[in-house]
Amino acid sequence: MARLIGFLEAVHFYFHAHALRDPSLTSGPAVILRDGKVLDCSPDLDAAGALSRPNPAYLRIAYPDLREVAFDADACASPYEALWAQVVPDAVAVEPLDCAQGFFEPVRAPSLDVLRDQISAFRDRARTATAGLEVRIGLAPSRMLARVAAHGEHIVLPGREHAFLERAPLEWLPIDGRSRGELVALGVKRIAGLAQLPRGTLFHHLKPDVARRILTMLQGRDASHVDSLYPSPHLEERLGSLEVLDEAGILTSLSGACVRLFTRLQCRRRWPRALALVVEPFFGSPVRAEGEMVRPPARADDLSRRFTVLLRGLWHGEELSALSLFADDLQSFSPGQYGLGFSTDPAGLTMLEQVMDALRERYGDRALLRADHLPDHRRWAEQLLS
């Protein structure tokens with residue numbers, strides 16, 4: 001499939017994050033305020049149209065039992081990590097705009113059905129990881145179009161942009177209510193109808209930067225990309241309290257750290273081109289060694305061997321207080337043909353059996369058979385000549 005850009009919006013993220021810390025917020029109407037402005041509200045208020053007039057003074061009159069909660073960044077930190085960590089395994093790049101919304105570039109799927117399955121699986125993971133948070137996702141060839149598509153949770157394929165915009169209501173555009181009302185008064189009901197307005201009229205009713213992004217989208221000239229802003233560009237595993245260990249114990253601890261590091265890399269679907277090891281002696285200053293990898297590690301042992309080489313160059317038997325392992329310059333795994341284990345290697349054979357079992361479970365017991373289990377047929381040429 002062609003490259004697509006995704007836009008993710010977590011519905012009522014800020015209310016949900018604060019309600020996790022204070023569950024009593026779910027018992028009545030509540031708003032989250034930041035700098036005196038309504039940042040988010042409880043779902044019942046949203047359903048009643050409160051966000052169409054996000055004025056705290058109006059809401060206090062309309063809802064006498066309204067609870068007002070000041071925005072707390074600490075309350076959002078854990079849900080933020082839980083949400084966006086679910087995006088990383090299926091994305092080439094992730095660019096959060098804030099806690100609740102952002103762009104991502106999904107790993108290219110072989111078909112539309114596979115892509116839909118990936119998005120559905122992500123929604124389930126996000127709901128589980130965040131204790132019930134719902135997300136809206138739109139996919140399209142450009143950023144602005146993906147943002148519009150998220151309102152209806154559409155996947156807009158290249159070449160279908162205009163057809164989609166002819167059906168998309170004006171309410172899906174990320175513009176304020178006043179501007180939307182003025183455009184509706186001009187007779188515009190669908191987003192594609194904005195292309196019929198004079199450019200001066202569009203700039204008169206919208207903020208200049210918003211008008212430019214909309215024009216770019218309507219003209220199909222949005223060639224924007226997703227900046228890789230999340231997660232951190234490197235991974236670290238730190239080992240402390242090593243002064244009580246002998247050489248064998250330190251190497252065992254190093255091997256365990258490599259297993260954890262390899263698991264984290266697999267979850268992100270990344271591999272490191274650069275490695276670094278920082279050794280902190282019990283007496284003396286920390287020392288650092290760096291190395292590189294020319295191909296993705298196939299197993300944790302590959303990382304362990306590289307870090308052991310770095311350790312041998314820095315450590316000469318003195319007491320250690322800590323070790324820090326760094327995986328940097330993370331790269332995406334390129335598509336390729338991976339071995340299924342047609343060998344006498346026990347680990348490879350186990351992998352092959354797991355693949356075969358998964359195929360049989362999905363497609364039936366006779367979906368996949370070894371060649372030596374098939375009936376003894378003569379070659380087609382022999383059959384034709386006989």
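Helices (H or I, at least four residues) and strands (E, at least two) are DSSP runs, numbered from the N terminus. The structure described here is a predicted model, in which local features need pLDDT of at least 70 and side-chain atom pairs count only at pLDDT 80 or more, while totals for chains, interfaces and linings use all residues. Residues are numbered from 1 along each chain as its sequence is written, and side-chain values use heavy atoms, with hydrogens and water left out.

The secondary structure of the protein comprises 14 helices and eleven strands. Of its 386 residues, 40% count as buried, where buried means under 20% relative accessible area, exposed means over 50%, and partly exposed lies in between (1.4 Å probe, protein chains only). A contact is defined by heavy atoms within 4.5 Å. Among the contacts in the protein with a separation of 6 or more, 63% are accounted for by residues 24 or more positions apart.

The expected span of a helix is 1.5 Å times one less than its number of residues. The buried residues of α11 are G249, I250, L254, A257, C258, L261, F262, L265 and R268. These buried residues pack against β8 (235–240), β9, α12 and β11. Just after α11, R269 adopts a positive phi of about 60°.

Helix α12 (residues 300–314) has 15 residues. From its first C-alpha to its last, α12 reaches 21 Å, close to the 21 Å expected at 1.5 Å a residue. In this helix, A300, D302, L303, S304, F307, L310, L311 and L314 are buried. The buried residues of α12 pack against α11, β9 (270–281), β10 (287–292) and β11 (320–332).

A further helix pair is formed by α6 (residues 143–152) and α10 (residues 208–218), which pack at an angle of about 90° with their axes 8 Å apart. Axes are lines fitted to C-alpha atoms, for helices over the stretch in contact, and angles run from 0 to 180 degrees between N-to-C directions. Angles under 35 degrees count as roughly parallel, over 145 as roughly antiparallel, 65 to 115 as roughly perpendicular and the rest as oblique. Helices α6 and α10 are therefore roughly perpendicular to each other. In this packing, M144, L145 and V148 of α6 meet R213, I214 and M217 of α10. By class, the contact of α6 with α10 has five nonpolar residues, no polar residues and one charged residue. For this classification, Ala, Val, Leu, Ile, Met, Phe, Trp, Tyr, Cys and Pro count as nonpolar, Asp, Glu, Lys and Arg as charged, and the others, Gly among them, as polar.

Two individual residues illustrate contacts between separate parts of the sequence. P106 is found in strand β6 (residues 101–106) and is buried, with a relative accessible area of 8%. P106 and V88 are 18 residues apart in sequence and 9.0 Å apart in space, C-alpha to C-alpha. When residues up to four places away in sequence are not counted, P106 touches L4, G6, D90, A91, V92 and L139. R199 lies in helix α9 (residues 199–205) and is exposed, with a relative accessible area of 51%. R199 and L215 are 16 residues apart in sequence and 8.6 Å apart in space, C-alpha to C-alpha.

Phi of A131 is near 60°, a positive value in a residue other than glycine. A131 lies in the loop between α5 (112–129) and β7 (135–140) and counts as exposed at 54% relative accessibility. S241 likewise has a positive phi, of about 55°, although it is not a glycine. S241 is placed in the loop between β8 and α11 and is exposed, with a relative accessible area of 52%.

The cysteines were considered last. A disulfide is a covalent bond between the sulfur atoms of two cysteines. With a disulfide taken as a pair of cysteine sulfur atoms within 2.5 Å, a search of the whole structure finds zero disulfides. The sulfur of C76 is 5.0 Å from the closest cysteine sulfur, in C99, which is too far for a bond. C76 is buried, with a relative accessible area of 1%. C41 is also buried, with a relative accessible area of 1%.
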